[in-house]
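Here are a few friendly notes to read alongside the model. Please keep the structure open as you go through them.

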Amino acid sequence: MMRYGLLLIAGVAISLAVVFQFPLENNEEVTHEALDKGAGYIHPIPSVPEGEVGFGTAEAGERNLVEAAASEPKSQKEMRALGLLLRDGGIEQVVQALEKGGLDLGRMDEASKQKAIGIIVAKTTPEQLARLMGKGLLPVERQAISDAVSPSLRKRDSGDIDQSAIIKKVGMIASASGASLSNTETWLNGETRNAFDKAVIYGMDEVLVYLGQAGVGPALGEALWPQFLSSRYASGAAAKVLLDYGYAPSAESLSIARTPWFQERHPEIYGLLKPYL
């Protein structure tokens with residue numbers, strides 16, 4: 001009797017193993033076209049052999065999260081795919097997925113598409129951006145100029161923000177879109193910012209010089225210095241560029257610079273601002 005009981009348990013265990021190892025019918029590979037299938041759909045998760053994009057099945061632990069996406073609108077499905085690609089393979093995986101049709105911005109509503117474009121523009125290298133723009137896979141408009149000014153793009157050797165690459169991308173986008181470098185965007189808190197403001201907040205002195213030489217100035221007004229000084233990216237080099245361009249702070253905007261904490265953490269900036277305190 002005990003022998004039959006053990007055989008029954010073993011049989012159930014094997015059945016469960018098969019179910020979890022092959023969650024899809026006939027162990028089919030999940031492609032992006034599966035987004036429009038029914039309840040059996042598993043959202044694609046990319047593998048990364050030799051830099052190639054492959055859409056495999058989701059891990060069992062994630063199944064409860066991604067199966068719910070089957071009933072989502074197409075825009076949400078595409079945004080989910082973008083997030084998974086970035087998480088598992090980085091921006092190159094996203095670029096390849098767009099090139100191969102595995103990710104399609106055309107499936108998104110306008111708000112989702114602009115959000116996705118902003119993410120892609122911020123993270124791509126100039127070479128990756130050129131690939132997408134050259135094939136008409138990434139429509140860039142005026143807001144993309146501000147999107148490009150992001151700390152997401154880093155140098156591999158030092159980890160510093162790659163300002164030269166950002167400058168190149170801004171020039172590419174401006175040329176392709178015909179937009180002015182001084183175009184502004186409205187942030188969630190209602191503030192109006194442009195590429196210059198973002199370069200200030202992220203301490204990008206080289207980008208500030210580039211934009212300043214092109215005649216672009218800040219749109220933030222009195223909020224410029226407080227936001228710069230409270231930023232984790234605040235740098236003496238960026239502060240010097242602002243002062244050299246004549247954007248002197250008012251005494252009221254320098255309350256942060258008067259704190260011992262700031263003076264200890266940013267002695268170079270404090271030294272530059274001391275005459276204005």
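1. Gln96 counts as buried, because its relative accessibility is 9%, below the 20% cut-off. Do keep in mind that this is a predicted model. Gln96 belongs to helix 4, which spans residues 91–100.

2. What does the side chain of Gln96 contact? It makes a polar contact of 2.9 Å with the side chain of Glu92.

3. Next, have a look at helix 6 (residues 126–134) and helix 8 (residues 163–177), which pack at an angle of about 20° with their axes 9 Å apart. The two are therefore roughly parallel to each other, since the angle is under 35 degrees. Helix 6 passes helix 8 in a right-handed crossing.

4. On the helix 6 side, this contact is made by Pro126, Glu127, Leu129, Ala130 and Met133. Helix 8 contributes Ala165, Lys168, Lys169, Met172, Ile173 and Ala176. By class, the residues of this contact divide into eight nonpolar, three charged and no polar.

5. The other pair to check is helix 10 (residues 205–213) with helix 12 (residues 236–244): their axes come within 8 Å and cross at roughly 20°. That angle makes helix 10 roughly parallel to helix 12. Here the crossing of helix 10 past helix 12 is left-handed.

6. Which residues meet between helix 10 and helix 12? Asp205, Leu208 and Val209 of helix 10 meet Ala237, Ala238 and Val241 of helix 12. These residues divide into five nonpolar, one charged and no polar.

Key
Residues are numbered from 1 along each chain as its sequence is written. This is a predicted model: local features need pLDDT of at least 70, side-chain atom pairs count only at pLDDT 80 or more; totals for chains, interfaces and linings use all residues. Side-chain values use heavy atoms; hydrogens and water are left out. Helices (H or I, at least four residues) and strands (E, at least two) are DSSP runs, numbered from the N terminus. Buried means under 20% relative accessible area, exposed over 50%, partly exposed in between (1.4 Å probe, protein chains only). A polar contact is a pair of N or O atoms within 3.5 Å; within protein, one must be able to donate a hydrogen and the other to accept it, and residues adjacent in sequence count only if both atoms are side-chain atoms. Axes are lines fitted to C-alpha atoms, for helices over the stretch in contact, and angles run from 0 to 180 degrees between N-to-C directions. Angles under 35 degrees count as roughly parallel, over 145 as roughly antiparallel, 65 to 115 as roughly perpendicular and the rest as oblique. A crossing is left-handed if the near helix is turned anticlockwise from the far one by less than a right angle, and right-handed if clockwise. Contact means heavy atoms within 4.5 Å. Ala, Val, Leu, Ile, Met, Phe, Trp, Tyr, Cys and Pro count as nonpolar, Asp, Glu, Lys and Arg as charged, and the others, Gly among them, as polar.
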